[in-house]
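Here is a friendly tour of the aromatic rings in this protein. Have a look at the sequence and the fold before reading on.

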Amino acid sequence: MNVIHTVDRVVEKLRKRIATRRRIEFIRNHATELHELPVGAGRYKVALHFPDEMVNAYQLRQWYEPLVALAEFVPVVILVRCPETALSLREECPLPVHYAPAVDDIERLMHTQDLRVVFYVNQNIRNFQALRLNGPNHVFICHGESEKAYMWSNQLKAYDYVFSAGEAAKNRLAKHLRNFDPSERCRLIGRPQIDVNYTPPVTVNKELPTLLYAPTWEGDRPSMNYGSALSHGELLVDALIKDGGFNIIFRPHPRSGMSAKPYGQAVERIRKRLDAHDDTSNARFIFDDSSHWGWQWSIADLCVTDISAVAYDFLATGKPMFVTAPVSGDATIDDSPALRQVPALSAQQADEIIRLAHDALNSNNRQLHELVEYYFGDISRGASMQRFIAETLSLVHEDSIADR
């Protein structure tokens, strides 16, 4: 039996290697559009550098629509480094995709185009292969607003500018980073994703309130252990299923279980419970692993989430929500206005979610508007998108080093 398993593993490895070689060969010989670069007035002025595999494509997808809006003013390209990512984005991305696996390819792009701004959505170490070039403005835009320690990483000093959501993010950086002047290095853009029209791919029972439960993953280190699926999730979902008075959208983080197998197993148990009861309940119980994030806000009436970017995306809707309290004593928790004012949900309270949810839906939180403005500024329709485009164009049109 062990010999058979060993042979199976070897065969699987060979199959993956052959498949990878074929995909790379396809890119080299057929997908010429992934290598070609425009000339003249069509040369790219803005790029988003994405060196990751598709497992992290959720970080990129949320920027599709803001970048499409920006592309109405200046040519924009998605710069990718992995062959699998190049092929996948070629099919789904609404923007041009350029495949640049090597440093030489990055330099060719920089030297042939008129790049004025390069965006970064994460802290992949390969970002530094692009950051070493002095010409464009290098701008960190991240993949969401949150109170995670990630948001004040010392790595932010590597970028020329940080596009932050609002005053809260700016104050957070002033508090945590040494030798970093947020008044000079931060541009406040709100959350342009809230200005996108999303079409829900599912239907719910409109006679019932809809609760979005969106836990983050378990993190890759003790200080980032904010995930609640194992500590809160099963009790919470069981209570909601038993009550039957709420539609449930369960959207776990796509990386759930990558660092801790029991966490991923808890996510799977929740999924199975929702599937088992969906056909027999008046409520809809939806396991959401769709690739796009945003439509969930439009149909959810309230949200339970963790210390993560989801909390801040939902905060901008003005709808009630709960943020789970991490059970891990090692998790870094910032003393933020959001965490002080948004109701916390302990693991011991998870099975009381029905009462807590009804109370939240029937309450009128007057402090919410001030909190939203502190985190996002003006969230009136179109305001964030306009700020994102305006701040980007201001960097595009300033003198570059090459012009001096």
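## Rings and their partners

Arg-187 sits over the face of Tyr-161, 4.7 Å from the ring centre. A charge counts as over a ring if NZ of Lys or CZ of Arg is within 6 Å of the ring centre and within 35 degrees of the ring normal. Arg-255 lies over the face of Trp-217, and the table sets out both cases.

| Charge | Ring | Distance to ring centre |
|---|---|---|
| Arg-187 | Tyr-161 | 4.7 Å |
| Arg-255 | Trp-217 | 4.8 Å |

This is a predicted model, where local features need pLDDT of at least 70, side-chain atom pairs count only at pLDDT 80 or more, and totals for chains, interfaces and linings use all residues. Residues are numbered from 1 along each chain as its sequence is written, and side-chain values use heavy atoms, leaving out hydrogens and water.

The structure holds 12 aromatic pairs (rings of Phe, Tyr and Trp, the latter by its six-membered ring, with centres within 6.5 Å; planes under 30 degrees apart are stacked, over 60 edge-to-face, the rest tilted). Tyr-213 and Phe-250 are stacked, because their ring centres are 5.6 Å apart and their planes at 20°. At 0% relative accessibility, Tyr-213 counts as buried (under 20% relative accessible area, with a 1.4 Å probe and protein chains only). Phe-250 is also buried, at 0%.

Tyr-312 and Tyr-375 form a tilted pair, 5.3 Å centre to centre with 40° between the planes. Both Tyr-312 and Tyr-375 are buried. Finally, ring pairs join Trp-63, Phe-119, Phe-163 and Phe-388 into a cluster.

How values were computed. Buried means under 20% relative accessible area, exposed over 50%, partly exposed in between (1.4 Å probe, protein chains only).
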